[in-house]
Amino acid sequence: MEYRKFKPDYLFDGSQILNGGHVLISDLKGKIIDVVTESEAGNGTEVLKGILSPGFINAHCHLELSHLKNKIPQKTGLVDFVVTVISGRHFPPDEILSAIENTEAEMLKEGIVAVGDICNNTLSLLQKEKKNLHYYNFIEASGWHPGVAQARFDKSKLYYDKFIEKGMNVSIVPHAPYSVSDILWGKITPFFYGKVETIHNQETKQEDLFFLKGSGGLLKMYQILKIDNSFYQPKKVRSIETYFKNFSTATSVILVHNTFTKQEDINYVNQNMRGGQIVSFCLCPNANLFIEDRLPPVELLIQNKCNIVVGTDSLASNHKLSILEELKAVSKNFPRISTETLLQWATINGAKALQMEEMLGNFEKGKTPGIVLIENAIDKKITSASVAKRIL
């Protein structure tokens, strides 16, 4: 068997950063053979400048919106953003497919090896069949008015079946608390058993205001989109309390954005998690800055020992689908967070959240997690000049 041997300045193995005296050994396709000391490695070692890491996990993405790059105004708030995306997402299929292909190539180049991808159609399926990346596909169900529940469910189930036919990892998931009626929840919840589930959570302060008091900016959104909201009576609880128990049979739950999540929300999740269930809080900082010009309460999540993962959202709400750029944004705004912690979020935590830890997330023997070099890292720190380079 032929091997490759890598000796970086620092080696992040998925849990900790080892010093420069360690060598990663893999086969030519990237299957991990071992991590050894330099004295044990023998000849033929490739010396690398930077931090060597397992491949990155993008826990939240909308690949099918790649054609909207530079098409959406920034810092308008979520309500105006959602309205703009819904009204402007329809482009010729060839243009969408080309954007999907190009964007996937960029993610590969950026060291991303797996993606939790939101799907509202099957346009991304052709690219995913090439198996360049590992995907967990989230077929998004939405429909606020109870009268559309059956039609919306039928459409989601149709897409779900198409992904199943192709042997893909796939779940039916709710879009957001404010876009899924109780009736639609009832139709999709039976599909959660043993699955990875995800939902856009507390991305705007208007979300909690709507569920607590029935007021706020979401009413404007329903009005613009001509959605009849007259049936709704406020539940007088915070958003997460209206839906989280619906995920009781899911193996893993990824709460995305969490920009306005508070301690009481984290307490509620902790009190209502099923035994053995993984609940992850996904950070998409560059998208949060793009849309709401606000970052989630990262330090609060850390204090509560939450399982934190990282996503890019879409090119409708981001300039680049790069996990390293997301880590830079966190590091810039929360400089006390160690590089080791950031890389745990971007690798092993994400792999566990997507239920892919048996093959991805760390440099454990026998895995093929991808091998990524972070260049221009100074004293183990990710800097604004750092770049990700895919090795294998």
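Start by selecting G55, which touches G111, V113, A346, T347, P369, G370, I371 and V372, leaving aside residues up to four places away in sequence. Keep in mind that this model is predicted. G55 sits in the loop between β5 (45–54) and β6 (56–61). Is G55 buried or exposed? Its relative accessibility is 0%, so G55 counts as buried. The C-alpha atoms of G55 and L108 are 9.5 Å from each other, although 53 residues separate the two along the chain.

**Next stop: helix α5**

Select residues 149–165, which form α5. How does the span of α5 fit its 17 residues? At 1.5 Å a residue the helix should span 24 Å, and its end C-alpha atoms are 24 Å apart, so the two agree.

Colour A149, F153, S156, Y159, Y160 and F163. These residues of α5 are buried. They cover an arc of only 130° around the axis, which means that they lie on the same side of α5. Turn to the face directed away from that buried side. There you find the exposed residues A151 and E165.

What covers the buried residues of α5? Show these elements, which are included in the cover:

- strand β7 (112–119)
- helix α4 (125–128)
- strand β8 (134–141)
- strand β9 (169–174)
- helix α6 (182–188)

Before leaving, step past the helix to G167. This glycine follows α5 and has a positive phi, near 75°.

**Last stop: the four-stranded sheet**

Select β10, β11, β12 and β13. They make an open sheet of four strands, paired in parallel, in the order β10-β11-β12-β13. Look at the edges: β10 (196–201) and β13 (307–310) each have a single partner strand, so one side of each is left without a neighbour in the sheet. From one strand to the next, the twist averages 30°.

Zoom in on β10 and β11. Strand β11 covers residues 252–257, runs parallel to β10 and is joined to it by six bridges. Pick T198, then I254 in β11: the two stand opposite each other.

Finally, bring in residues 339–353, helix α13. Which strands does α13 touch? The helix packs on the sheet and touches β10, β11, β12 (278–283) and β13. The direction of α13 makes about 105° with that of β13.

Technical notes:
Residues numbered from 1 in each chain as written. Predicted model: local features only at pLDDT ≥ 70, side-chain atom pairs only at ≥ 80, totals over all residues. Heavy atoms only, no water. Pairing = 2+ DSSP bridges. Axes fitted to C-alpha atoms, helices over the stretch in contact; angles between N-to-C directions. Contact = heavy atoms within 4.5 Å. Buried < 20%, exposed > 50% of the residue type's maximum accessible area, 1.4 Å probe, protein only. Expected span 1.5 Å × (residues − 1). Arc of directions from axis to C-beta.
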